Amino acid sequence: MWDSFSFSESDHPRVLITGGLGQLGVGLAKLLRKRFGRNNVILSDIRKPADNVFYSGPFIYTDILDYKNLREIVVNNRITWLFHYSALLSAVGEANVPLARAVNITGLHNVLDIAAEHNLRLFVPSTIGAFGPTSPRDPTPDLCIQRPRTIYGVSKVHAELMGEYYHYRYGLDFRCLRYPGIISADSQPGGGTTDYAVQIFHDAIKTGKFQCNLKPDTRLPMMYIDDCLKATLEVMEAPSETLSMRTYNISAMSFTPEELAQEVQKHVPELQVTYKVDDVRQAIADSWPMNFDDRNARRDWGWKHDYDLPELVTTMFNFLGEESRS
Ligand SMILES: NC(=O)C1=CN([C@@H]2O[C@H](COP(=O)(O)OP(=O)(O)OC[C@H]3O[C@@H](n4cnc5c(N)ncnc54)[C@H](O)[C@@H]3O)[C@@H](O)[C@H]2O)C=CC1
Ligand SMILES: CC(=O)[C@H](N)C(=O)O
């Protein structure tokens, strides 16, 4: 099918993205296709893609819980790099623990075994949610106590440890970044604790009213999607010998709902913000890092963010404003 790539494209990695139809996967595919060629990057998920996604490059059905199906896709498409994005996020994970355990833990086992068997370079994202109430929260370093209290966090600590174990035991080229809450304009978050920081922009434009499900002073690390995807590509391209670790924190900014609302009100002064706390999300947020220490990423492979809070808010309104005018 999409094996008819051009000669120059054959020098590039052959990429598979699992769980690619969520908040982050489509943007990642776009970035990787620009770099490695359209046909060298296969987006996959268990959901049906929108027309614009389907026609923008190769898409294939892949259920990470189906080991044989996943292995067949890796073999038939001669995959060399795998970005494993499938997951249930923190809030939806608490609402369906058995499914989160299956997707986030059993699914990861399938991915690890196939990656090790076929000598893939494997990226698995972790999260600020891999820390818990007994971790130092301000700031949170790469190496410290990790006792998360969500199935999401537990599964991500498991992924970090299993990936590192496969690296040291079997030589798997495993790379992992702990993402903050990611903010994007053209894709919706999939059921996390940081989702409010995306919703506020849509509500500010549509209704001028926003009801926040976290307390006004809840401080969490956040990042604009372009920085997140840039870091992901950079760590995958970094020479192996520059990586003193296999799991890194990355950071860009940290803010509270109140601080975000104030910045948003510079663009939409009439925005009214009210607070109706969701107890599950609040308890999760209260156990997560407030500030993230990413000095090791900056030192080892030159990580540097481009977007701070004012830049993020301006970029979001530029994008959403253009969209609502078109
Ligand atoms: N968006 C964020 O703020 C952050 C995301 N991350 C991580 O980045 C990765 C991508 O996140 P998002 O795109 O936001 O997630 P998302 O929840 O928006 O998308 C996850 C995708 O996984 C797919 N999926 C579920 N079960 C599957 C299965 N059995 N087989 C294949 N695919 C399946 C879903 O259909 C969905 O499209 C996740 O691993 C997440 O933990 C980490 C920290 C922050
Ligand atoms: C920070 C994350 O991992 C995610 N956005 C969530 O809130 O669950």
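These are my notebook entries on one predicted model.

**Ground rules.** I number residues from 1 along each chain as its sequence is written, letter chains from A and number ligands from 1 in the order in which they are written. In this predicted model, local features need pLDDT of at least 70 and side-chain atom pairs count only at pLDDT 80 or more, while totals for chains, interfaces and linings use all residues.

**Overall size.** I looked up the extent first. The C-alpha atoms of the protein fill a box of roughly 55 × 50 × 40 Å along the principal axes. I then checked the radius of gyration, taken over C-alpha atoms, against the globule rule of 2.2 Å times the number of residues to the power 0.38. For 326 residues a compact globule would come near 20 Å; the protein has 19 Å, which agrees.

**Secondary structure and packing.** I found twelve helices and 13 strands. These are DSSP runs numbered from the N terminus: helices are H or I with at least four residues, strands are E with at least two. I call a residue buried if 20 or more other C-beta atoms lie within 10 Å of its own, exposed if 12 or fewer, and partly exposed in between, with C-beta atoms placed from the backbone. Buried residues make up 44% of the 326. I take two residues as in contact if their C-beta atoms, placed from the backbone, lie within 7 Å. Of the contacts with a separation of 6 or more, 78% join residues 24 or more positions apart.

The unreviewed UniProt entry annotates residues 15-250 as "domain: NAD-dependent epimerase/dehydratase". Such annotations may be inferred rather than shown by experiment; positions follow the numbering used here and feature names are shortened. That span is 41% helix and 18% strand, and its end C-alpha atoms lie 23 Å apart. The domain assignment gives domain 1 (10-183 + 223-249) and domain 2 (196-220 + 253-289 + 307-325). Its bounds come from an automatic or database assignment. The domain centres, over C-alpha atoms, are separated by 26 Å. Domain 1 puts 18 residues into the contact and domain 2 puts in 13. On the domain 1 side, α4 (90-95), β8 and α8 (225-237) each supply at least two residues. The largest share, three residues, comes from α4. I count six nonpolar, seven polar and five charged residues on that side.

**Ligand shells.** I count a residue as near a ligand if its C-beta atom, placed from the backbone, lies within 6 Å of it. Ligand 1 is surrounded by 29 residues, the closest being Gly-19, Gly-22, Ala-87, Tyr-179 and Gly-190. α5 (97-117) and β8 (181-183) are the elements giving two or more residues to this shell. Its classes are 13 nonpolar, 13 polar and three charged. Here Ala, Val, Leu, Ile, Met, Phe, Trp, Tyr, Cys and Pro count as nonpolar, Asp, Glu, Lys and Arg as charged, and the others, Gly among them, as polar. Around ligand 2 I list residues including Ser-90, Thr-127, Tyr-152 and Thr-193. That shell has three nonpolar, seven polar and no charged residues.

**Two residues.** Gly-20 sits in the loop between β1 (15-18) and α1 (25-36). Gly-20 counts as buried because 26 C-beta neighbours lie inside 10 Å. Beyond four places in sequence, its contacts include Val-26, Asp-45 and Tyr-85. Asn-296 lies in helix α11 (residues 295-301). Asn-296 has 19 other C-beta atoms within 10 Å, so I log Asn-296 as partly exposed. The C-alpha atoms of Asn-296 and Pro-141 are separated by 9.1 Å, at 155 residues apart along the chain.
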